[in-house]
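Colleague: Could you take me through the disulfides in this one, slowly? I'd like to know which parts of the chain they tie together.

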Amino acid sequence: MGKRFSRTLPVAHTLMGSLLASASFTAVAQGQTMSAEALDWQPWGEEEAANQLCRGRYVMPNYRLPAEDNPETLSLEASDVDYAADGEALLRGDVVLRRGNEEVQAERVFLPADRQQVDAEGNIAIRDGRALVRGEQAMLRLNEDRATLGNSHYVLYEQHLRGQASQLEQTGENEYRLQDASFTTCDPGANSWQLVSSDIRLDQASGFGTARHARLEVKDVPIFYWPWLRFPIDDRRHTGLLSPSIGFSTDGFDYAQPFYWNIAANHDATITPRWISDRGLLMNGEYRYLFEESSGIVEGGYLNSDDGGSGGGENRFEGDDRWYVDARHAGRVNERSNYRLRYGAASDGRYFDDFGGEFGDSDRASMERLAQVDYRGQRWQLDARAQGFQRLEDPLSDSDKPFYQLPSLSANANWQFDNGLYTQWRSNATYFWRDVDERRVPEREAATGSRLHLMPAVGWRFERPWGYLEPRTELWNTAYELDYGERDTQRSDSPSRSVALASIDSGLVFERELALGGRDYRQTLEPRLNYAYVPRTDQSELPDFDSRERAFSWDQLWSAQRFSGTDRVGDLNRLSYGVQSRLLEDASGQNRLSFGVGQSVYFDDRRIDSEGDADTLPDRPEDNPSVNPESRYQATRDRSPLVSRLDWQINDRWSSGAEWLYDDHRERTERSSVDVGYRHPEGHVVNLGYRWEIEGFDPSVLPGDDGFRDYSREEWDLSFAWKASTNIDLIGRYLHDQTNDRSLEQLAGVQWNNCCYGLQLVWREWVDDNDTARINDDFNDRGLFLRFVFRGLGGVGQDADSYFEQTIPGYRPTAL
């Protein structure tokens, strides 16, 4: 049994307290190996191991000595203690020292008479709850920030990393030096990779480390060398190089090397030179700032003289300067008022198709320009903005250029009364402008000018648990002041319109208790009846700034507005009827099944289209090939398609949804979709979708538009993500154009993870539509994308996690 002593000594720091108290240094060294048990390694049990990326974890054993009431007290325990006459002490055997959370074990410890230094030898282990350091020899200067540990091994428990150095030395306050050192996050005995350096210096005050003659080894084979390397050792943001991105595709080699600049606590920037083998050097940059009441970001890119082309090898941008800029700022005026500023522009409509997309794709359809301030009161909501968009298409016709709103002022309010009566006020004044040749666009689109729109509404809603009734009337008053520029026209430059929209919506709710499969449910039957009347009002003199005719859907059964925007009000005299049934699980309240079917009956033709003419029906497609082929039939049919929809949560893993629009007059399907999804608690995901849509189903899309399809679209979409094991994810997608018997997208990949490194390998082939409605100029692009991550060090490659989440609904990839 060892002897125990307690003393209060003037100890400023110990090695653990100053060396590893807040380190997140992700490192381990080469040289002599040490057993996993000596590194406080604890393997997972059989049940735990199945769900873990690592084979185990680092766990500090219990303290050998109990904590003292005074954290400055130094507790000692040793098998034998020798005291010299001058006060020197030699502790031998199983020596244990504890002060606060720090504990030192050694075979021998020498304490000089002045107690200013501790010399330890033999199987030294120093722990503080967050880290472990082992070595053969150690010297600690107790009242100075200096210590030396020879032939050391160390572990950081939480960061799952271990390291080794021939000599570990504390050279000053929060400053350390490791000679002939290396580090890794791999499990003990599995050095898949390690970073090795002859000289590593750590400065915890600045949060940086530096390494000289550093090399990255994979399976003891050097693969990269840095003469000098600077890296962060904590979570603070630091200036320096970030992980590069590397890609290969049919266009060639793509390498990007970001550099991060930590300007201040609330300012930073990232500068990213990007070399694309067949295009040249693209310089990207991003600047971010954050203040107490506002924040913003400025980003952009510039390529001087594009060496390559796009659009199926047409090379139409060869020699051109390619660029983009996007600046955003948002802030708060007060508790009820906020503001936003944004300016975006690109050199051409295909910039993001060529440079800006993840995995060769881009979700940017436009670049916004905006200055906005709003107010949200208890009754009134005010909004003032100047807004415009650059549409990202190439080629882009004048007709496809969107209008700018310079400015747009809105004032809206609501009043609700206890008896169910309510009133609303909607108002907007906007000046519309765009830079086009007025002589090259349709006459109704040639005007610029102002629009004043006032829309008071009154309604009453009677509602009980068994049903509801809601009559409502809206009055649309719209006036314009227009300028047609150099366009010769007989149209009025001060047209106006007043029209009332009236509707009555009603529904009943029937319920019954139901037992199915040993579970209690509540089933509802909800018939609904809606009548809407909008008188036919001539609008042929009105411009077309922001209106589009809506495609028919379940929601359109119950809406009196056939158009979006304000410039068009579609004439309507129809009665919609439908029924919906829901199956609610009593125990959880979850909606397990919802099914609805409905139809509209029309009492008049719908003559108002985008032209606004109240007297003329749309042309027949055989007489005018430039009109939507469905427009004449849709305007004259006496009843809408039957609309049915289904949402079914089959069980906790399987779900399904469907929509079907069926024309019972022509006995044909106008649009249908079916989706089946599988979600497994372990992360397995499978999605199967089917889409059918007749040519011309969307009335707002004309044969000359880029988005028009001159065929009935039929597509299949299969995607999956399967966790083959805790470490391996398999992903894939296949999107097939059944109509044209071609693949629109193929994707296959594997992601492999453990606590040491991660690998993501994906092959993708996709169709680029070249920003036209024609399919004969579509072309295929393909690429092989690789990302490799050394956990705790960084990685190389293109991160595609966000793209996978969009492409494979329900998939949540394991973070690399």
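This is a predicted model: local features need pLDDT of at least 70, side-chain atom pairs count only at pLDDT 80 or more; totals for chains, interfaces and linings use all residues.

Modeller: Here's a close look at the disulfides, one pair at a time. With a disulfide taken as two cysteine sulfur atoms within 2.5 Å, the count comes to 2.

Start with Cys54 and Cys755, whose sulfur atoms sit 2.4 Å apart. Cys54 is in the loop between α2 (46-49) and β3 (56-58), while Cys755 is in the loop between β45 (742-753) and β46 (757-768), so this bond ties together parts that are 701 residues apart in sequence. As for burial, Cys54 is buried and Cys755 is too.

Then there's the bond from Cys186 to Cys756, with an S to S distance of 1.7 Å. This pair also links distant parts of the chain, 570 residues apart. Cys186 belongs to the loop between β12 (175-184) and β13 (193-203), and Cys756 to the loop between β45 and β46. Again, both Cys186 and Cys756 are buried.

In residue terms, Cys54 pairs with Cys755 and Cys186 pairs with Cys756. The loop between β45 and β46 holds Cys755, and Cys756 lies in the loop between β45 and β46 as well.

Key. Residues are numbered from 1 along each chain as its sequence is written. Side-chain values use heavy atoms; hydrogens and water are left out. Helices (H or I, at least four residues) and strands (E, at least two) are DSSP runs, numbered from the N terminus. Buried means under 20% relative accessible area, exposed over 50%, partly exposed in between (1.4 Å probe, protein chains only).
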